[in-house]
Amino acid sequence: MGTAVKSVISRRTFVAGSGDLALAALTPSWPAGAASRYTLVAAAGSALLVGGEYPKTSVWSYNGTVPGPEHRVRQGERLRVTVENRLDDETTVRWHGVCVPNAMDGVPHLTQKLIAPGEVFDYGFDCPDAGTFWYHRHQCSFEHVGRGFYGPLIFEEPEPVAVDRDVTWVLDDCRLLADASISGDFGNMMDTGMAGRIGNTVTINSRLPDTFPVRAGERLRLRLINAANARIFGLKFEGHQPQIIALDGQPVEPHAAEGDRIVLGPPMRADVIVEMTGAPGGRFRVIDSFYRDREYRLADFVYSDWPLRDDLRNTAIPLPDNPLAEPDLGTAERHEVSFGGDMTGGMMGAGMRGGTDDMMNGGMMGEMMRRMMRGMSHEGVWTVNGVSASGHVMEPTLTLVRGRTYLLALHNDTAWRHRIHLHGQSFRVLSRNSRPTRHREWQDTVLLAPDERVEIALVADNPGDWMFHCHILEHQASGMMGVVRVA
Ligand code: C2O
């Protein structure tokens with residue numbers, strides 16, 4: 001798409017988490033009273049994304065790495081992060097999925113002043129929930145997150161599930177040119193009006209993945225974070241049955257994904273337990289088959305010749321609940337929220353609906369482009385309840401009374417997928433197209449298929465003005481955002 005060039009780049013063994021490929025037992029432990037104080041320096045730099053004969057890629061990053069450093073904090077501890085802005089542009093940092101006080105939410109204009117070039121800002125908040133979260137910039141994020149401003153944020157349970165390794169995979173896709181530089185066509189009309197910016201080079205922890213060494217009998221906790229602007233992943237671990245134990249940082253009854261494919265839209269997370277049931281010396285593919293006819297091998301699990309143990313661990317894997325307020329559906333107040341503004345409306349025959357943002361080709365694309373060029377100015381494409389957000393002062397789409405339960409019926413009135421994210425609180429996903437969900441999962445983002453209706457419920461217990469937006473960053477930037485006020 002666009003100026004993107006097919007990635008030409010050879011694959012290699014990739015680096016997991018902080019670079020530790022050692023196979024020794026590695027269970028997270030945190031010395032009591034450990035300081036959870038960090039500094040994040042936001043600056044332009046370069047990173048080795050592809051390696052080999054390719055030069056480094058210019059990125060915008062925290063502390064010089066993409067992803068930024070993985071912060072690990074114990075549940076209940078206070079996290080303090082000093083953000084230093086060494087970019088010649090303003091910035092803020094947002095703690096995605098964490099129930100922070102409103103003033104710490106990192107949304108420019110709505111919750112804080114921008115951090116000017118050369119300035120410093122101190123974030124500080126308690127970490128009420130254990131789980132897998134991440135941080136990213138929240139201003140023009142379609143370009144800034146796309147260029148590297150993001151990193152993982154882990155709040156550890158006091159008693160974590162017993163595993164041999166706890167590994168974070170931050171998934172992203174870059175749109176790279178043939179010289180390994182990031183294509184500068186951010187926010188172009190085609191991405192904005194359609195599926196968002198889908199890159200041509202998928203990375204794990206910002207490196208081209210290839211082999212991931214494992215050992216028979218090993219138990220892995222894999223924390224998957226989708227930091228891409230728009231790409232959805234559908235991961236299958238051939239020969240293995242991963243159990244999902246948390247979604248968006250929140251514990252869920254352990255279960256295998258539907259069709260054994262873990263679907264992860266941006267900005268979602270899934271914690272999965274993978275038991276290494278293969279034989280020593282084996283090799284198994286991890287594939288991404290989300291987009292129709294676009295399946296590819298993401299990585300291989302490669303078993304060493306020596307098992308770690310002869311039998312699997314057989315200790316329990318459910319996570320303890322986080323302290324979230326349970327919605328009282330008997331007293332819930334119901335609101336409808338619809339997401340609209342589809343520029344391609346009318347182009348979509350029945351057959352297309354349901355899969356429009358599979359990458360497309362042919363004359364349909366050309367016609368759609370022509371329509372969009374005619375009908376669309378750069379901003380104000382997508383809407384929430386008929387309003388396309390622009391500027392920084394936003395009237396709330398909804399005003400909720402603190403402490404009450406709300407049931408929000410969300411409707412995707414477009415032929416594209418959207419990832420609807422609410423700041424400040426997690427919600428239960430109750431039903432999809434009137435069918436109750438199996439796990440009533442807690443999420444901070446819900447994937448809406450074209451035309452889909454999803455009901456979510458929450459207790460409005462975190463006061464403030466909270467963003468409510470599509471996390472396809474191009475859709476957010478062009479109007480699909482609103483504010484939910486809890487007062
Ligand atoms: Cu991950 Cu409003 O953001």
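Student: Why does Ser434 count as exposed?

Tutor: In this predicted model, Ser434 has a relative accessibility of 68%. The label exposed requires a value over 50%, so Ser434 counts as exposed.

Student: Where is Ser434 found, and what is its phi?

Tutor: Ser434 is found in the loop between β25 (427-432) and β26 (435-436). Its phi is positive, at about 70°, although Ser434 is not a glycine.

Student: Asp248 also has a positive phi. Is Asp248 buried or exposed, and how do you know?

Tutor: The phi of Asp248 is about 50°, and this residue is not a glycine either. Asp248 lies in the loop between β14 (243-247) and β15 (250-255). Its relative accessible area is 0%. The limit for buried is under 20%, so Asp248 is buried.

Student: What makes Gly464 buried, with a relative accessible area of 17%?

Tutor: The value of 17% is set against the limit of under 20%, and therefore Gly464 is buried. Gly464 is placed in strand β30 (residues 464-470).

Student: Why is Thr414 called buried?

Tutor: Thr414 has a relative accessible area of 1%. Buried means under 20%, so Thr414 is buried. Thr414 sits in the loop between β23 (405-412) and β24 (418-422).

Student: What makes the pairing of the side chains of Thr414 and Asn412 a polar contact?

Tutor: The distance is 2.8 Å, and a polar contact needs N or O atoms within 3.5 Å, one able to donate a hydrogen and the other to accept it. Thr414 and Asn412 are listed as making such a contact, side chain to side chain.

Student: Why is the pair of Trp169 and Phe212 called edge-to-face?

Tutor: A pair of aromatic rings is described by the distance of the centres and the angle of the planes. The count comes to 16 aromatic pairs. For Trp169 and Phe212 the ring centres are 5.4 Å apart and the planes stand at 80°. The distance has to be within 6.5 Å and the angle over 60 degrees, so this pair is edge-to-face.

Student: What parts of the chain does the pair link?

Tutor: The pair links distant parts: Trp169 is in strand β9 (residues 165-174) and Phe212 in strand β11 (residues 211-214), 43 residues apart. Both residues are buried.

Student: How do you know that Arg197 lies over the face of Phe186?

Tutor: Arg197 is at 3.8 Å from the ring centre of Phe186. The cut-off is within 6 Å for CZ of Arg, together with an angle within 35 degrees of the ring normal. Arg197 is listed as lying over the face of Phe186. Arg147 likewise lies over the face of Trp60, at 5.1 Å from the ring centre. Trp60 belongs to an aromatic cluster that also includes Tyr62, Trp95 and Phe121.

Student: Which cavity is lined by Phe186 and Arg197?

Tutor: Both line the second largest cavity, with Gly146 and Asp172 also among its lining residues. About 70 Å³ of space lies in this cavity. The structure holds four cavities of 30 Å³ or more. By class, the lining has three nonpolar, three polar and four charged residues.

Student: What lines the largest pocket?

Tutor: The largest pocket has a volume of about 1,000 Å³ and 29 lining residues, of which Glu258, Val263, Arg432, Glu441 and Leu447 lie nearest its centre. Elements giving two or more residues to the lining are β14, β16, β17, β26 and β28 (445-448). The largest share, three residues, comes from β16. By class the lining has 15 nonpolar, five polar and nine charged residues.

Key. Residues numbered from 1 in each chain as written. Heavy atoms only, no water. Helix = DSSP H or I, 4+ residues; strand = E, 2+ residues; numbered from the N terminus. Buried < 20%, exposed > 50% of the residue type's maximum accessible area, 1.4 Å probe, protein only. 1 Å grid on protein atoms, 1.4 Å probe; cavity = no way out; pocket = protein on both sides within 12 Å on 5 of 7 lines; lining within 4 Å. Points joined across faces, edges and corners; volume = space filled by probe spheres on them. Nonpolar A, V, L, I, M, F, W, Y, C, P; charged D, E, K, R; others polar. Phe/Tyr/Trp six-rings, centres within 6.5 Å; stacked < 30°, edge-to-face > 60°.
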